[in-house]
Amino acid sequence: MKTFSALIILLCLIPLPAAAEQITLTAAEKAFLADHPVIRVGNEMDWPPFDFVENGKATGYSIDLLNLIAEKTGLQFQYINGYTWDQLLEMGFRQEIDVFPAMWKTARRKRHFNFSEPYIDTPYILVVHEDEPEISGINSLKGRTLTGIKGFASTEQVKQHYPQINIVEVNSAVEGLRQVSYGKADAYLGSMAETNFVIKSHLVPNLKIAGETDLGGRIDTPLLYIGVRKDWPRLMGIIERGMDAISQAEKQALQLKWLEFDKSPQTLTLNEAETAYLEDHPVLYVAHATDWPPVEYTGKNHQMVGIAADYLNKISRQLGVEIKPVAPGAWPDMVKAVQSGDLDFLSAVSPTVRQRHGMAFTDSYLSFPIVIVTREDVPYIGDLKFLADKMVAVLEGQAAHERLSANHPNLALTPVQGVKEGLLTVAGRDAFAFVGSLATVSHVIGREGLTTLKVSGETPYTVEISMATRKGDTVLLGLLQKALSGISVQERNAIYSKWSGVTFEYQADYSLLWKIGIGVMILFFLILYWNRRLRRMAVALKSARDSAESANRAKSAFLANMSHELRTPLNAILGFSQIMADDAGLSQNQKDNLRIINSSGEHLLSLLSDILDMSKIEAGRIVLNPTVFDLHRLMDDIRDMLKPSANEKGLYLSFAISGDTPRYVYSDKARLRQILVNLVVNGLKHTSRGGVRVSVGTAPVEGVEAEVQLDFMVKDTGSGIAPEFQEKIFEPFMQLQTGKKASEGTGLGLSICRTLVEMMGGEIDLESEPGKGATFCFSIRVGTDVQQVKPAVEKPGDVAVSVPYSLAPDQPECRVLVVDDVENNRKLMMAMLRTAGFAVRGAADAESAFAILEEWAPHLIWLDIQMAEMDGLAAARRIRGNGFDTVKIIGISASAFEEDRAACLAAGCDDFVSKPVNRMQILEKMAAHLDVVFDLSDDGAAGQRQEPAYEKVWGPDLIADLPPDIVRLLHHAVFSFDYEMTLSAIDQIRDIDAYLAERLAAQAANYQFGRLQALFATQEAAP
């Protein structure tokens, strides 16, 4: 029987998988949800790790907490973001926002909002360089430099009360931490949660936490609350019930995900207030229960023993004080003694709703499942619904009583004062079942010899055991929480192992043991086996998930860094090659070399973009940015861009737009361009004769008047795709054999196209036969209700790269400031802008830029986001904060991720561009944001030529309609391999058919006489 008892206790101490807990709403709460199906939640853009936006979605600790509450209650939340915190707060005052997930209390806010119980505190800490041995508190910083965020209460307190400290105000945590990392400051002051998150997410090295501080009691620990509009108390009640239903395991998962701090088994780090408290309280008096094994009870010599007692011994050593259990009395009297301050704290208590009003609780350190106990003749109970309308005994005011009365109103609950009393009511048939913790009922059943009872089922609930102080004793509560958190997993397991083998003396009816013992032992051994197996599986799954998340974070950080490192030199290579190409003194050989440099750089950029796009797709980080744009012009621009490539191979490239296709549409122009360019380039690459035809038509979207479906077709006359490859062609890294032979591309283009098409509300299909070409068809949905919105400007950036232009004469001076800490990039941007006629100045850092801004008053600032000192985001916020609202700011960064654009706009920039940029992009942005006019010098050929209504394949039919004398001249020239004569013949053809002349000239320019001679063969020679 002792073995049986030990098995029961061991089973209780091993955590059991808990079912998802759903609360049952009252009729009034259900009516509120019916009247308010969507609750509007204010979502900050950039307050990690609690409340921020990533990839356009609300995320963070507080957001996950709110989503858990939604799961428990059925609330539907709509997250509203894109505004500053001040704007969100004003919207809340106007009742345009219903809930704030993370709020501090202020006098003004209390007039407008109700507040939940605080769900987390984030103490202030000092962060120093890892080699700093002397700084341990705020008083250690006299005569030294401290960084703090401008406007924060902590920074203002240091300025006011610590004049001996040199305080440097910064605009963000990352800026302040980097100054410490680089040795420019001695310490940084900030909240623990935000600081830890920034250190990890921004990879700031060489730092450590020196300690916590409350600045001599001048600042309170920041407590976070959920804020709810004051006229909706019913919603506040629902949210609080949802918070109560969140299990300790779920809370710990949130902590691990967002607030996991690096800890080492050292002496606890205490702040000034905590140190003073322990000096004033060398002895702490604790209240405990007399009969609650194995948690706590009175043993021999009337000493407190149990799991809680072992925890108290460790806490005593950690805090360096004596913890003295008092002579126990009745449990309600012990609770009142703590609430009144006569005793310091309770060692083990379950935080019920009733007790919460007068007490504050640590995180739980023990957890026991709540089970159903019935007589032995009752079958297994798999659900609490089976107990409907039956008499159920529960401990009055304890966890089971609170949970069942709140979530299962159909149960007939009978409150009792003790476990023994409750079990006896079941044994005497005065109640059908008793619901309580497995650890306690198993002990009492054995001790009292209640062999007619058994555990008949489980509930989705657990008893969470915490320590508790009176409500206002926040310092002691913080000390207990720190001490509990400092007890390692190994030490906790040792305590569990100790008490899993303890037996308790009692008298038992051994004659009945053989009737039920074997069956119960087998049952519990099976439960224990499966519980351990499930636990191992859960641990393995968690480990795999954590490893995958860690690897994904590492990959994202690596790609972001590599994007920056590769795009920065590419920016200079492509930019300066474009500037050099304008030099009229270059020889033809030098121009050819520049063309090779530029085309190779563009090819490398396209490979990098494909890899980054695929990475963003895998991580779910790619988003659409719809705008109103001219679809017809987009098609013309793509044709003009790719026509030279087609001409070089002697191929035609035609675009056809149906008459009912709207000119202006609302969609993501950049992504549509990416899809079309990818498909056309693929077609040209795999086609040796004929060409590529692109067409677009429309179809209505059923039930939606403001949208149409655009149906695109890209058809080539190339080698086609074999049936066995057609199913795989959209898979990542899949290339056709010709592509492999050519060693071009990544094999990601079509996979990216399919994903983008699906994101834009459509689908893509392929039809192909080997030797007969391939046809890609895709459809997307676009908006057409654009009567009130037109593109900002007719942008000059879409003309061919080789066409130079500048500001039109007789315009006011336009001043532009370029801020970039990389000299090559700064000089490149300044050269491009000066060539176009702008007045330009440069700055190598943010401080220099501020000085120029004050003195020179530029109209527009090109601002690099990633700079070593103050970064561009902080600089933009400072510019806007100092009242420079009219100056335009365009952020520029070598990072290509969409969240960088969102962060840039949130910081106050007007636009964002990813490096590398070319001259056309720069002037396009200048035209979009400034009232300037460009004088375009266009050679006219590309824009004015008329393409034939149909395209002919390369062969004799191509020149069949030319005058015979010109055909003879061309024949003589190409078979004589006479370059000059060939050009003379082509010049005569240009007067008749300019488009045909371009195709012929492209072949002649590359000395493709074999291709030209094929025009006179009866059948075209193989390419």
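A residue counts as buried when its relative accessible area is under 20%. By this criterion, applied here to a predicted model, helix 15 (residues 399-407) has the buried residues A399, A400, H401, R403, L404 and N407. Several elements cover these positions. Among them is one helix, helix 9 (233-244). The cover also includes strand 22 (366-375), strand 23 (391-395) and strand 24 (412-416). Strand 25 (433-437) and strand 26 (453-470) contribute to the cover as well.

T362 was examined next. This residue sits in the loop between strand 21 (359-361) and strand 22. Leaving aside residues up to four places away in sequence, T362 touches S466, M467, L477, L480, Q481 and L484.

Aromatic contacts were then considered. A search of the whole structure gives ten aromatic pairs. In one of these, F50 and Y61, the ring centres are 6.2 Å apart and the planes stand at 80°. Planes over 60 degrees apart count as edge-to-face, so the F50 and Y61 pair is placed in that class. F50 belongs to the loop between strand 2 (46-47) and strand 3 (51-54). Y61 belongs to helix 3 (residues 61-73). The pair therefore ties together parts that are eleven residues apart in sequence. Both partners fall below the burial cut-off: F50 has 1% relative accessibility, and Y61 has 4%.

A further edge-to-face pair is formed by F115 and Y225. Here the distance is 5.9 Å centre to centre, with 75° between the planes. F115 lies in strand 7 (residues 113-115) and Y225 in strand 14 (residues 223-229). The pair links distant parts of the chain, 110 residues apart. F115 and Y225 are both buried.

Aromatic residues also group beyond a pair.

Charged side chains over rings complete the picture. The charged end of R229 is placed over the ring of W232, at 3.9 Å from the ring centre. The charged end of K390 is likewise placed over a ring, that of F386, at 5.0 Å from its centre.

Terms used:
Residues are numbered from 1 along each chain as its sequence is written. This is a predicted model: local features need pLDDT of at least 70, side-chain atom pairs count only at pLDDT 80 or more; totals for chains, interfaces and linings use all residues. Side-chain values use heavy atoms; hydrogens and water are left out. Buried means under 20% relative accessible area, exposed over 50%, partly exposed in between (1.4 Å probe, protein chains only). Helices (H or I, at least four residues) and strands (E, at least two) are DSSP runs, numbered from the N terminus. Contact means heavy atoms within 4.5 Å. Rings of Phe, Tyr and Trp (its six-membered ring) pair if their centres lie within 6.5 Å; planes under 30 degrees apart count as stacked, over 60 as edge-to-face and the rest as tilted. A charge sits over a ring if NZ of Lys or CZ of Arg is within 6 Å of the ring centre and within 35 degrees of the ring normal.
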